[in-house]
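Colleague: I have a new structure to get to know. Can you walk me through it?
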Amino acid sequence: MHAKRWLFLVHRWLGVVVCAFFAMWFVSGVVMMYVGYPKLTEAERLQHLPPLDATAPLLGPRQALDAAGIAGPLRELRLAAASGGRAVYLAVPAREAEAGRRRVPPGSGTVVVDAETGAVLRDVDRARVLASAQAYAGAGVPLDYRGAIGEDAFTHSRGLDAHRPLHVVDLGDAEATRLYVSGKTGEVVRDAPRAERLWNYAGAWIHWLYPLRGTGLDRYWADIVNWLSIVGIAVTLTGTVVGVMRWRFRRTYKSGSRSPYQGFMMRWHHITGLLFALVTLTWIFSGLMSMNPWRVFDSGAPALRMEAMNGGPLVVAAQDATPAALMASAGNGVRELRWVRVAGQTLVLASTGSGRPSVSDAQTAQRHAPDPAVLRTAVARLLPDAIERIDILTAYDSHYYTREPHTMTGGTDKPLPVWRVVFADAHATWVHVDPHTGAVIGRSDDLRRLSRWLFAMLHSWDWLPLLDHRPVWDVLLVALSLGGAMLSLTGVVIGWRRLGRKLRASARKAPASVRPAAPSRRPA
């Protein structure tokens, strides 16, 4: 068969199915611009935690850990009224850090210890779930316990795996908020107001093909998304070639049009295809890149040597300051204390739910500011390669920026100023470090930065000149999405009509013995 004929056939019949997905992706993408998949950001979590009572008879961290039988170093230690409405220590022993290196979700291995008695709280029962939900919602808000689930439409995130089963509580507030409480720690780990849940059925839930999750196709979900995107790229490329071939640039057809198609749908599919082919191809391709298909952006770079930077694991000593002393140093309204190890020193971060945490020495409870020279020496131990330079960022740029909390990449803390530590290694590693707390905020390498351009830039148009000038960004993306949706919907209608004609023609050509019998006109 002639190559041109094959080109037409490939575009025609692949497009029958794929254009329906195109239309769905364009429309749901517009919804996702304003309503994202439910998440509980760090800021929301802290704001809903009750303030710690500095006058309560709380055990010191070493006392509580000893009473709970937790010896040795830790990976994480927090104190907050986060489980059952009472002050608890949430400790992750260092032995769980090894599991964390095997891609176990964050939070795995957390031990919850009552901060007043030192008792380990293991059973997350209905009463504890409701107490956590009441503390989150505030006094007087009605609660409706809905039971425990493994996973539902709003909890597909792999980050929740360490907390399953999840307990569901509906709040009687104005937003009809639904809370998901960890079945392991008793903490609220996700909130989803009713409006957010409803919009998600037209947004992220359908955009990411989440109807396939939790079914027999769950294990094939990533492959289905990848191959649909690849087929979509093929349909768009063949359609662009066909569209250009059929368009007359120098003269018109007998009809006076430069397009040979007379019907409304065919003509507008041709025109919108030429106008929006590039943006359609860009969005389908960048959507594929968001999946990191077959791990093409995994560089194999070695893990950062966090213990080497921090001078060893987190160890809590008997002489460390009491929670009361730490809260007195930090001021009123402390909602969480977090013990961390930074550059050979144990520090405590005190968060109030607004603004940046205050930093105190874990032993003296005195305010502390990491010494830049000491921190630089510590950061140099993250990799065996030398530091090429350290850039101090006082404003966001193309690789370190923030987005709205509801967006896929938004909701994470991106403080300023920040250090960008550039290493002279084979992977061109960058590490962002907060000089206020000494915390490593994130890392990237050459392949991850390529992924940023091929996904975030091409798919979400994460380009600061646009993001800083709303609603220009909104107008452009909505207009292009509507154009792409029109291209897709006309393709769906054309394909449906053509398929119907093919089926009717096949029925007419079928032998009489296999044709459906004509209905009898004789009276019963």
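Modeller: Here is a short tour, starting with the model itself. This is a predicted model: local features need pLDDT of at least 70, side-chain atom pairs count only at pLDDT 80 or more, and totals for chains, interfaces and linings use all residues. Residues are numbered from 1 along each chain as its sequence is written, and side-chain values use heavy atoms, with hydrogens and water left out.

Colleague: What does the protein average in pLDDT?

Modeller: The average is 91, and 95% of the residues score at least 70. pLDDT is the predictor's confidence in each residue, from 0 to 100. Over residues 96-104 the pLDDT is below 50. That stretch has 7 contacts in the model beyond near neighbours in sequence; contact means heavy atoms within 4.5 Å.

Colleague: On to H6. Which of its residues are buried?

Modeller: Glu 196, Arg 197 and Asn 200. Buried means under 20% relative accessible area, exposed over 50%, partly exposed in between (1.4 Å probe, protein chains only). Helices (H or I, at least four residues) and strands (E, at least two) are DSSP runs, numbered from the N terminus.

Colleague: What do the buried residues of H6 pack against?

Modeller: Strand S6 (178-182), strand S7 (188-192) and helix H7 (204-207).

Colleague: Which side chain of opposite charge is nearest to Arg 197?

Modeller: Asp 170, 5.1 Å away. Arg 197 is buried yet has no salt bridge. A salt bridge is a side-chain nitrogen of Lys or Arg within 4 Å of a carboxyl oxygen of Asp or Glu. For charge, Lys and Arg count as positive and Asp and Glu as negative; His and the chain ends are not counted.

Colleague: What backbone atom does the Arg 197 side chain reach?

Modeller: The backbone oxygen of Ala 176, at 3.1 Å. Ala 176 sits in the loop between S5 and S6. Its phi is near 50 degrees, a positive value in a residue other than glycine. Most residues other than glycine have a negative phi, and most peptide bonds are trans.

Colleague: Which residues does a cis peptide bond join?

Modeller: Arg 164 and Pro 165, with omega about 5 degrees. Another cis bond joins Leu 416 and Pro 417, with omega about -5 degrees.

Colleague: Where is Pro 165?

Modeller: In the loop between strand S4 (143-149) and strand S5 (166-171). Pro 165 is also among the contacts of Ser 182, leaving aside neighbours within four places in sequence.

Colleague: Is Ser 182 buried or exposed?

Modeller: Ser 182 counts as buried because its relative accessibility is 0%. Its side chain reaches the backbone nitrogen of Lys 184 at 3.0 Å.

Definitions and conventions: Polar contact = N/O pair within 3.5 Å; in protein donor to acceptor, adjacent residues only side chain to side chain.
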